[in-house]
Amino acid sequence: MTSVDLDGLVREFGPTRAVDDVSVTVADGEFFTLVGPSGCGKTTTLRLVAGFEEPDAGDVRFGGESVAGVPPEDRDVGIVFQSYALFPHMTVGENVAYGLRFRDPPGGVSTEERVTELLELVDLPGMADRDPTALSGGQQQRVALARALAPGPSVLLLDEPMSALDARLRERLRGTVKEIQRELDITTVYVTHDQEEALSISDRVAVMNSGRVEQVGTPEEVYREPASRFVAEFVGDNNVLDGTASPLETKGSSVSVGPASFEVADSATGTVAIGLRPESLSFGSGGNELDVTVGRAEFLGDAYKVYCDWHGTQLLVKTTDAPDPGPATVSFEPSDADVLPE
Ligand code: ATP
């Protein structure tokens, strides 16, 4: 088992700082995810860990030892990419065995025995002689996972492994990856732009923006206590309102936003950004009331996402009953409003 330290990593491509002073520690056996929008530097960070890129500054350490200058094949990592990257002219078994080209199978077993073991692990028993191009996308990605795990690496790196799959296959493969990670207790660094995927699969996540890490925490921490406006908007789909706060005599603050004002439970003074989760807002009267104009609603299956306009500001409301378009009252409790750190 191996911890992975990223210490002050910087990687530049010409004028672009793809990775800008990234420091995180992934613990032994942890499932750690880098999440953020396209171009924020997730893949470059993973490539620095894998050894496909060398940093311009900073260091990567496995189990406390620097791996600077160590090529990918000697880093003891298994890697799965977005595209399955299976060899079409080889059988499934030969593809998995290809993972053993630099190393003997662990545990003194033969290559054939190891391939059988791995195909059972990824829930494709007895498929060794199959043609990989005849498999579904989800099955091909399982073969790619088996190939990455064949040499028994200490660290597993996954770069958007599910983004080419449809929603149902993605959910199933998510379950498989998580179970296997638990069973092997392997230190895992996962990259995705999908915040729902990140929250559902990880022990901890690092939210990245423009090459930097904005917040590291458990899925619950980054969702419930976003450390910045960016994290609030990206992870929780929060409504963020800019206002001016003044403390109330008893408890909490009054916040003015444009022509209106409402109460929040936190005490704050001066310019503030307030985060309001779509699911904390409801239609009808309550603690704080905002007069909105209801626009379109998207049906999500278990709820509606309703787009409202409040004095020119868009407010998203997640609710089980979508009201008709037109004037309505949206309400929320003062304790449901977060004063976001700027
Ligand atoms: P995506 O989800 O779209 O893959 P990402 O978060 O993984 O995005 P990176 O691929 O790491 O982001 O890219 C970060 C930045 O570095 C981007 O601006 C990208 O254009 C730039 N970049 C990455 N690799 C190179 C390269 N080899 N040459 C030049 N610029 C690069």
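This briefing describes the overall build, the ligand shell, the nonpolar core and the strand pairing of one protein.

The structure is a predicted model, in which local features need pLDDT of at least 70 and side-chain atom pairs count only at pLDDT 80 or more, while totals for chains, interfaces and linings use all residues. Residues are numbered from 1 along each chain as its sequence is written. The protein comes to eight helices and 20 strands, where helices (H or I, at least four residues) and strands (E, at least two) are DSSP runs numbered from the N terminus.

**Overall build**

- The C-alpha trace of the protein spans about 75 × 45 × 35 Å along its principal axes.
- The domain assignment gives domain 1 (4-231) and domain 2 (237-340), with bounds that come from an automatic or database domain assignment, and the C-alpha centres of domain 1 and domain 2 lie 38 Å apart.
- Of the 342 residues, 38% count as buried; a residue is buried if 20 or more other C-beta atoms, placed from the backbone, lie within 10 Å of its own, exposed if 12 or fewer do, and partly exposed in between.
- Among the contacts with a separation of 6 or more, 64% come from residues 24 or more positions apart, two residues being in contact if their C-beta atoms, placed from the backbone, lie within 7 Å.

**Around the ligand**

- The residues that surround the ligand are F13, T16, A18, G36, S38, G39, C40, G41, K42, T43, T44 and H193, and a residue is near a molecule if its C-beta atom, placed from the backbone, lies within 6 Å of it.
- At least two residues of this shell are supplied by each of β2 (16-26) and α1 (42-50), and α1 gives the most, with three residues.
- By residue type the shell divides into three nonpolar, eight polar and one charged, where Ala, Val, Leu, Ile, Met, Phe, Trp, Tyr, Cys and Pro count as nonpolar, Asp, Glu, Lys and Arg as charged, and the others, Gly among them, as polar.

**The nonpolar core**

- The largest nonpolar core has 82 residues, and those with the most contacts inside it are V49, V96, A146, L157 and V207; such a core is a set of buried Ala, Val, Leu, Ile, Met, Phe, Trp, Tyr and Cys residues joined through C-beta atoms within 7 Å.
- Helix α4 (residues 137-149) provides the largest share of this core, six residues.
- Both domain 1 (4-231) and domain 2 (237-340) give residues to this core, so it lies between them.
- When its neighbours within four places in sequence are left aside, L157 is in contact with L46, V49, A50, V77, I79 and V189.

**The loop residue P132**

- P132 is found in the loop between α3 (111-121) and α4, and P132 is buried, with 22 other C-beta atoms within 10 Å.
- The C-alpha atoms of P132 and T91 are separated by 6.2 Å, although these residues are 41 residues apart along the chain.
- Not counting residues up to four places away in sequence, P132 touches L86, P88, V92, N95, Q140 and V143.

**The open sheet**

- Four strands form an open sheet in the order β2-β1-β4-β5, with antiparallel pairing; two strands pair if DSSP finds at least two bridges between them.
- At the edges stand β2 and β5 (65-66), each with a single partner strand, so one side of each is left without a neighbour in the sheet.
- Strand β1 (residues 4-13) and strand β4 (residues 57-62) run antiparallel and are joined by five bridges, and L6 stands opposite V60 in β4.

**Strands β16 to β19**

- Strand β16 (residues 288-299) is joined to strand β19 (residues 326-332) by seven bridges in the antiparallel sense, and the bridge partner of D291 in β19 is T329.
- With strand β17 (residues 304-310), β16 pairs antiparallel over five bridges, where A297 has V306 as its bridge partner in β17 and V294 has C308.
- The hairpin formed by β16 and β17 has four residues between the strands, and G301 in the turn has a positive phi of about 100°.
- Seven bridges also pair β17 with strand β18 (residues 313-319) in the antiparallel sense, with T313 in β18 as the bridge partner of W310.
- The hairpin of β17 and β18 has two residues between the strands, and H311 takes a positive phi near 50° there.
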